[in-house]
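Hi everyone, thanks for making time.

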Amino acid sequence: MPKIVAIVSQKGGSGKTTLALHLATCAAYAKQDTCVIDTDPQATAAAWGDWRGDFLPAVVTSPPARLARTIENAGKQGIGLVVIDTPPHAEAAMREAIKVADLVLIPTRPRAFDLHALEGIADLVNFTGTPAHVVLNGVPANATRMVEDAKAAAKELGLETCPVTFGDRADFHRSSARGEVASEIDDNGKAAGEVKAMWKWVKKALA
Ligand SMILES: Nc1ncnc2c1ncn2[C@@H]1O[C@H](COP(=O)(O)OP(=O)(O)OP(=O)(O)O)[C@@H](O)[C@H]1O
Ligand SMILES: [Mg+2]
């Protein structure tokens with residue numbers, strides 16, 4: 001069975017798809033056989049895969065109810081890492097993804113840090129015991145205090161925060177919009193560096 005990372009958050013625009021695509025692509029560059037499963041009916045990740053064409057990673061769509069079967073098929077094809085992208089405001093889809101995950105990542109904007117939106121996820125992962133981390137995304141420069149406050153708020157809900165954060169960086173937005181990732185725009189840029197650090201951390205967390 002492949003290792004499975006589920007990217008969930010109830011809030012729209014928190015960075016789920018950005019994190020899923022960057023993480024999966026970084027893993028693919030590191031020679032991991034990786035695929036993204038897009039359970040969002042908006043199919044944003046799948047559209048990115050269409051723009052990207054034949055370059056890795058593969059992106060497949062799956063209704064949440066067929067997730068287990070889709071993962072099984074991916075495993076049969078030699079996929080070692082699955083990254084699941086999920087829709088916002090969709091309790092059932094989130095639940096299905098958490099159920100199969102080895103690691104749950106919860107991208108959250110620190111500025112709009114919304115305790116209420118994290119509560120449902122916190123309850124779920126605390127119940128299933130699945131390792132889960134908040135990933136602060138779109139962090140403005142020099143926002144140390146903001147990051148500390150967000151971490152403290154997550155902790156109150158029983159959630160850990162990933163030590164790697166993503167800054168608010170044009171490379172994330174510009175690359176995704178054309179079927180690429182940040183490192184393909186600027187391999188030495190800060191966004192690319194953050195993704196590499198994130199992959200290194202995820203690899204350890206999955207080991
Ligand atoms: N760290 C970042 N820096 C700059 N832009 C970002 C960053 N993260 C995400 N974005 C941009 O913000 C928008 C929303 O991000 P994304 O689509 O990843 O969120 P999402 O959680 O998947 O949204 P949805 O809930 O609608 O599926 C996109 O245009 C994306 O390019
Ligand atoms: Mg999305």
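Let's start with a question: which residues in H6 are buried? Before I answer, this is a predicted model, where local features need pLDDT of at least 70, side-chain atom pairs count only at pLDDT 80 or more, and totals for chains, interfaces and linings use all residues. Residues are numbered from 1 along each chain as its sequence is written, chains are lettered from A and ligands numbered from 1 in the order in which they are written, and side-chain values use heavy atoms, with hydrogens and water left out.

So, the answer: Val147, Ala150, Ala153 and Ala154 are buried in H6. Buried means under 20% relative accessible area, exposed over 50%, and partly exposed in between, using a 1.4 Å probe and protein chains only. Those four sit on the same side of H6 because they cover an arc of only 130° around the axis, taken from the directions from the helix axis to the C-beta atoms. On the other side of H6, Thr144, Arg145, Lys155 and Glu156 are exposed.

Just after H6, Gly158 takes a positive phi of about 85°. Helices here are DSSP runs (H or I, at least four residues), numbered from the N terminus.

Now the cysteines. With a disulfide being a pair of cysteine sulfur atoms within 2.5 Å, the count comes to 0. For Cys26, the nearest cysteine sulfur is that of Cys162, 13 Å away. As for burial, Cys26 counts as buried at 13% relative accessibility, and Cys35 counts as buried at 5%.

Conventions
Helix = DSSP H or I, 4+ residues; strand = E, 2+ residues; numbered from the N terminus.
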